[in-house]
Amino acid sequence: MLLEDRFAEFLEILPGQSEHNRRNYNQRLRGFLDKHGRRPVSAVTAADINAWHNALARRKLAPATLAGYRQALKALFNHCVDMGDIARSPAAHLAIGSFATS
């Protein structure tokens, strides 16, 4: 399963999520999917996750914004685990952190 295909499915089945939340997931993960979406889910590594996160950190986003990006990616890969694409999420090492404003 390609990551972008699993993401499209993920957006469709988000239980109880509003259209606004779906748009947030799409915006937060678009950069990662542009680079890695055409790859099989199983080909994405923790190093890919770290490179994505480091690029976000260099943008000097607010801590709560970074937490939202991490939460979105972790949710996607948790879905991939639930669907049996992978045994363990490559984003498992990411701590979400606080959504509180600094």
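Set aside its neighbours within four places in sequence, and L3 is in contact (heavy atoms within 4.5 Å) with F32, L33, H36, G37, R39, P40, V41, V44, L76, F77 and C80. The model is predicted, so to speak of local features requires pLDDT of at least 70 and side-chain atom pairs count only at pLDDT 80 or more, while totals for chains, interfaces and linings use all residues. Residues are numbered from 1 along each chain as its sequence is written, and side-chain values rest on heavy atoms, with hydrogens and water left out.

Buried here means under 20% relative accessible area, against over 50% for exposed and partly exposed in between, with a 1.4 Å probe and protein chains only. Of the 25 residues in this core, L3 and F77 touch the most other members. Two or more residues come from each of α1, α2, α3 and α4, and α4 gives the largest share, eight residues. Helices are DSSP runs (H or I, at least four residues), numbered from the N terminus.

Now for the helix pairs. The axes of α1 (residues 3-13) and α2 (residues 19-36) come within 11 Å and cross at roughly 175°. These axes are lines fitted to C-alpha atoms over the stretch in contact, with angles running from 0 to 180 degrees between N-to-C directions. That makes α1 roughly antiparallel to α2, the word for angles over 145 degrees. On the α1 side, L3, E4, F7, F10, L11 and E12 meet R22, Y25, N26, L29, R30, F32, L33 and H36 of α2. The residues of this contact divide into eight nonpolar, two polar and four charged; Ala, Val, Leu, Ile, Met, Phe, Trp, Tyr, Cys and Pro count as nonpolar, Asp, Glu, Lys and Arg as charged, and the others, Gly among them, as polar.

For α3 (residues 46-58) and α4 (residues 63-82), the axes come within 11 Å and cross at roughly 160°, which makes α3 roughly antiparallel to α4. I49, W52, H53, L56 and A57 of α3 make the contact with L66, Y69, R70, L73 and F77 of α4. By class, the residues of the α3 contact with α4 are eight nonpolar, one polar and one charged.

Finally, H79 sits in helix α4 and counts as buried because its relative accessibility is 7%. Not counting residues up to four places away in sequence, H79 touches R6, E9, F10 and I13.

Definitions and conventions. Parallel < 35°, antiparallel > 145°, perpendicular 65-115°, else oblique. Core = buried A, V, L, I, M, F, W, Y, C linked by side-chain atoms within 4.5 Å.
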